[in-house]
Every structure is written in C-alpha cells, then in structure tokens.
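Me: I'm new to this one and would like to learn how to read it. Could you put it up and walk me through it?

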Amino acid sequence: MKLKELTIEEFTGFQQSHPLSSFYQTINYAMLMAENGYDYDLIGLVDENQRIVAASLILIKPIGIKCFYGYAPRGFLIDYQNEYLVSEFTKEIKKYYYKKNVIFIKLNPNLPIGEVNINNFETNYNSNKDLSYILNKYGYKKLKNNLYFESQLPRFTGEINLKLFNSKELNKNTKNKIKKGIRKGLTFEKASKNQINDFYQLIQKKNPYSEFYYQDFYTVFDKTNSVDLFLVSIDYNSFLQNSQYVYNEELEHNNKINEKLTYNSSDKIINHKMHSDKTLLSYKNDIMEATKGITDNKKIYLAGALVIKHNNVASIIFSSYDTNYKRFAPNYFLHYSLIKHYKDEFDFLDINGLVGEFKNENPYSGLNRFKLGFKPNVLEHIGEFDLIIEPKSYEILLTNGIIQKEFNKK
C-alpha cells in the first residue's frame, strides 16, 4: 500500500460513500478553510490494485518557526476497526508529512462510542470505545475529554430521527414554547445569500467570526446545493389576530370567575381570578405590540440558522436568536420548523453540540435543557487526538504553550 495525493474527483467519490463521511471531510470545507488561513491536502491510501482504501482531507497551517501542523476535521475516512489498515495508513502519513515538516496532525474522528440515556444520563457504550487503545498504540496521543466546548468540535452531539419524530412526545415545556411562538405570529422562511447580513446581526455576539466568514461558508457549500439559510420573523397580522382570539377567550373565562366570586370567595377562586387578570393583561399587551408592529411596517428577524445538507443528514451548524425577543420563544419555533422542513427529505437533523455535564448546573445548562427538550439521540464521540510525527518538536511547542495558544477557544 502507498499514500498518494487524490484529485478532487477521486476524493469526493470515496468520501461520499464512506460510512464515516461528514461535511467536514469534503472539498467544500477545504475551500472554506483555504479562505481562512489553511492550505489543504486530499490524500488517500491505495492498495496494489490502485483502489482507495482510506482517505482524508488534511488542513495545513504554520505553527511556531518553519514548521506546520495538520488537522483532519472529524478524522480520517478509514475503518478504524481494521488495525492493519490503521497501521499502514498511519505509517505512510508519518513518512509523507515528516518530509513536509508537519509536527503533528490533530483529528477528532467521527466515531460515536456510545449513546447517552437522556433519562439518567448514563452512556451505553459500544465497541468503538476500545479504539483509543489501537490509536494510542500507533502514536496517537489521546487528549483530555472535554465536558464543555474546549475542543475543536463537540464531544457530545444530538441528532433527531426525523422519521420517528413525534411532537406529542416532547416535554411539556418544549410543546408550550412552540405553541407560544406560533401564537405570537412567528413565521419561518428560507432566505438567500443576500440575507446573510440579517443572520449576522443575530449571531455576531455569539461567535467570533466576521460576516465575511458566513458569506464564504454559504458560497462554498452553495456550489453543491448543500447549504440552507433560514430566518424567523413576526407576522404582525397573525400575531394580532391570534392575540385578539385568546384575549376574548380569556375575557369570557375571567367573567365566569367574577360570577363565582359573588357567592364563593375562597382562596382558590381568588387565585384563579388573579392568574386570569395577569393573563388578560399579557394578551392586551400583545395586542398593543402587534398593532404597533403593523403600523410601523418593519420586518424584524428574531432567529436564524445556517444548515449543511450531507448525505441523509441536515446539520445545524450555526443558529442564534435575539434575546430581546426571548418571550416569543423564537429558538423553539426555529428548531421545530427545521424539523418539519427536513422530515420528508432527510433521516436525521443534527442539532450540534451539547455539554457532557448533564446532571449538574453549569454555564451551558440552559443549552442542554433546550436541546434535550426535543428528545434527540445524544451521542458521545471518541474525542480528540494528536498524531505526533516529530516528538521533540511537539514537546517544544507544548512546553512553550504554542499549541495551547493555537487551539485556545475564546
């Protein structure tokens, strides 16, 4: 077996049919990262019949003085269970990149090692868990398992089985938030590249990327029709109509409570009256807000998402919402709308990362509660590794804090 540089056609043909394929291992992603300071290689291991048996996109970037590191996003496209194949591919990669002064290659394989039970948060592990031993055997350094988002990509991800999704099985809070978004007249639209700026206004405080990054992201994946942009706004006419309807219903309910109070002033009835008065005031405020929105005739975007489509999976890569409109539950409405949009065309909706600390309060507890409310399958991945090619230089970079600085996620 030998290593060779692949053409775009060769690499694409192999990755499209590989079971570990992801959008991170595509020429689209390579082109995106080429706009953001990386060079890239498309490499493959071929057998004696020139058949490709393993391949990878390797991103290359300078680190330190006159040396480089590589990054294989979501890992190599290889059968990790085949130790001989892992051994041969690793040996050839080390020889190939040693000549290019690449000190190490970082990878985070697309290998779920188990599924988390979202009722007790215990992971049911599979045979992939043992692959860390094989990788370590051939020079891959296992990095510390992150609980939060310290690594390049999340170690815990959620995916919704679109074919089995049933909104009736969602928890009460999630269902109520979705209903609230619908009642408040939220509307879901597929947007164009020209509306990237609208999306950027929603996400700029959440992520460090510039607007140009999202423009590039959309452009490179749009070449293969594998990107969608969605935005959520308010239809003030629907908002007004719905608010008037629920206000009249609640007013009728409130009048009946008033009648009861004439002959029964128990604490229970009084509490019902207070709750109904509060609800009426809320609906009245909604009517006023909707009326003002119609008068102003200004479109406001409350939430948005950038989605990549790859094989049978639609992946939410970026999403955000305007916290000033949190009372509209736009994030719940957005995700529910994405599920409905993709359920007939794709098998899974990847809702991206969760944190591994499920049982205790932490800075991301709200994120976990939100995503778990949609009843996803939560996968724990094998984690992050560094394939060390030049040990002495690697230790120098490590000792001097250069590696930590390069991969420090702010």
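Reply: Helices (H or I, at least four residues) and strands (E, at least two) are DSSP runs, numbered from the N terminus. This is a predicted model, where local features need pLDDT of at least 70 and side-chain atom pairs count only at pLDDT 80 or more, while totals for chains, interfaces and linings use all residues. Residues are numbered from 1 along each chain as its sequence is written, and side-chain values use heavy atoms, with hydrogens and water left out.

Me: Is Gly-37 buried, exposed or partly exposed, and which residues does it touch?

Reply: Buried means under 20% relative accessible area, exposed over 50%, and partly exposed in between (1.4 Å probe, protein chains only). Gly-37 has 49% relative accessibility, so it counts as partly exposed. Contact means heavy atoms within 4.5 Å; leaving out residues up to four places away in sequence, Gly-37 touches Ile-60 and Lys-61. Pro-62 is 25 residues from Gly-37 in sequence, with 9.1 Å between their C-alpha atoms.

Me: How do I read the open sheet of 9 strands, and what is its order?

Reply: Strands of a sheet pair through backbone hydrogen bonds, either parallel or antiparallel. Two strands count as paired if DSSP finds at least two bridges between them. Here the order is β7-β6-β15-β9-β14-β13-β12-β11-β10, with mixed pairing. β7 (123-125) and β10 (186-191) are at the edges with a single partner strand each, so one side of each has no neighbour in the sheet.

Me: Which strand does β13 run parallel to, with 3 bridges?

Reply: That's β14: residues 313-321 form β13, residues 348-354 form β14, and 3 bridges join the two parallel strands. Val-313 stands opposite Phe-348 in β14.
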